[in-house]
Structures are given as C-alpha cells and as structure tokens.
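Visitor: I'd like to walk through this one with you, a bit at a time. Could you put the structure up before I start asking?
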Amino acid sequence: MLEVLVALVLVTSVGVAVILWVEGGLRSVSRLREEYDRMQAVKLSQDWMRSAPEDLPAEGEAKVGGILIRWKGQQLASNPQSGYPRGYGEHDIVLFQYQYQVFRTEPEEQFWFDSSALVLRAPLVRNFKSPI
C-alpha cells in the first residue's frame, strides 16, 4: 500500500512538472510573438511617417495596417534651394519633426508605443512655366 502511495505521488509530481514546463514554453512563445508584432508595427509606423504625403497636416491620425497612428508635427527649418543651377529652384527644403503614438486596434484601441521622426520634405513652391 505504501509503494502505491509513493508511486502515485511521484507520478503526480512528474505530471505537474511537465505541465508547468509546457506552460512556461507557451508563455515564452506568446511573448516572442508579441515582440515580433511590435517590431513589425514599429517598422510600419516609421515607414508610413517617412513616406507620408507632402500635405500632411501638423496634427492628425491615420489607420494603417491594423494600427492607429496619431501624430503632432512641427516645422524645424525651411531653406530655399538657392544656386540651382542659377538662382532659385522650384522646390524648398523643409525639415519637420513628428512625435507620434501607435495604438493597437484589435480587439479594442490600446496604446502600444510612441516614437519620433525627422522628415525632410521638398514641396513645390515656385513655378517657372510660362503662363502662355
């Protein structure tokens, strides 16, 4: 009778150890999957901020690929292209700094991370074409 009790305790101990080991592995995989999702969201948000249209407002939000990006931007510097090749060019160089926050949208809107981007733009400001 004592041997059966000892065997039962050993089997139960091994079973609990195996279950805890599997649960730890599943948690690790879940954390790794979450980190890969965050890395993909960082890349997507950085790419979107750097390739946003020229007429991007100073403040706004956009839903891109399952994430929500909210930004605030400010113009840091502006410089006409002088000496191109003689005089001014059609475009000016403008440096913007954007502070943005990224939110998950599934299953509900939840703050994920924030970052910033320096973006160099070249808007068309002059037109040298003949009016005729």
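Visitor: Is Leu10 buried or exposed?

Guide: Bearing in mind that this is a predicted model, Leu10 counts as exposed because its relative accessible area is 54%, above the 50% cut-off. Leu10 lies in helix 1, which covers residues 2-50.

Visitor: Which residues make up the nonpolar surface patch there?

Guide: The patch is made by Leu2, Leu5, Val6, Val9 and Leu10, and it amounts to about 490 Å² of nonpolar surface.

Visitor: And Leu20, buried or exposed?

Guide: Leu20, which also belongs to helix 1, is exposed, because its relative accessibility comes to 53%.

Visitor: Let's go inside. Which residues have the most contacts in the largest nonpolar core?

Guide: That core has 18 residues, and the ones with the most contacts inside it are Met49, Ile69, Trp71, Tyr98, Tyr100 and Val102. At least two residues of the core are supplied by each of helix 1, strand 1 (59-64), strand 2 (67-82), strand 3 and strand 4, and the largest share, 5 residues, comes from strand 3.

Visitor: What does Met49 touch, leaving aside its neighbours within four places in sequence?

Guide: With those neighbours set aside, Met49 is in contact with Ile69, Trp71, Tyr98, Tyr100, Ala117, Val119 and Arg121.

Visitor: About that arginine, Arg121: buried or exposed?

Guide: Arg121 is buried, because its relative accessible area is 5%, and the buried class covers values under 20%. Arg121 lies in strand 4, and its side chain reaches the backbone oxygen of Ala52 at 3.0 Å.

Visitor: What else is Arg121 in contact with, leaving out neighbours within four places in sequence?

Guide: Besides Ala52, the contacts of Arg121 counted that way include Met49, Pro53, Glu54, Leu56, Asp92, Ile93, Val94, Phe96 and Tyr98.

Visitor: Switching to charges, how many salt bridges are there?

Guide: The count comes to 6 salt bridges. One of them pairs Glu34 with Arg104, where the closest N and O atoms are 3.5 Å apart; the pair links distant parts of the chain, since Glu34 is in helix 1 and Arg104 in strand 3, 70 residues apart. Both partners are partly exposed, Glu34 with a relative accessible area of 43% and Arg104 with 23%.

Visitor: Which residues are linked in a network of salt bridges?

Guide: The network links Glu61, Arg70 and Glu109. Arg70 meets the side chain of Glu61 at 2.7 Å, N to O, and Arg70 also forms a salt bridge with Glu109, the closest N and O atoms again being 2.7 Å apart. The second pair joins distant parts of the chain, with Glu109 in the loop between strand 3 and strand 4 and Arg70 in strand 2, 39 residues apart.

Visitor: And how accessible is Glu109?

Guide: Glu109 is partly exposed at 47% relative accessibility, while Glu61 is partly exposed at 47% and Arg70 is partly exposed at 29%.

Visitor: Last one, where is the cis peptide bond?

Guide: The cis bond joins Glu106 and Pro107, with omega at about -10 degrees, and Pro107 is found in the loop between strand 3 (88-104) and strand 4 (110-121). For context, most peptide bonds are trans.

Methods: Residues are numbered from 1 along each chain as its sequence is written. This is a predicted model: local features need pLDDT of at least 70, side-chain atom pairs count only at pLDDT 80 or more; totals for chains, interfaces and linings use all residues. Side-chain values use heavy atoms; hydrogens and water are left out. Patches are made of residues with over 30% relative accessible area and no salt bridge: like charges are joined within 9 Å, nonpolar side chains (Val, Leu, Ile, Met, Phe, Trp, Tyr) within 5 Å. Accessible areas come from the Shrake-Rupley method with a 1.4 Å probe; for residues, only the protein chains shown count as cover. A salt bridge is a side-chain nitrogen of Lys or Arg within 4 Å of a carboxyl oxygen of Asp or Glu. Helices (H or I, at least four residues) and strands (E, at least two) are DSSP runs, numbered from the N terminus. Buried means under 20% relative accessible area, exposed over 50%, partly exposed in between (1.4 Å probe, protein chains only). A nonpolar core is a set of buried Ala, Val, Leu, Ile, Met, Phe, Trp, Tyr and Cys residues joined through side-chain atoms within 4.5 Å. Contact means heavy atoms within 4.5 Å. A polar contact is a pair of N or O atoms within 3.5 Å; within protein, one must be able to donate a hydrogen and the other to accept it, and residues adjacent in sequence count only if both atoms are side-chain atoms.
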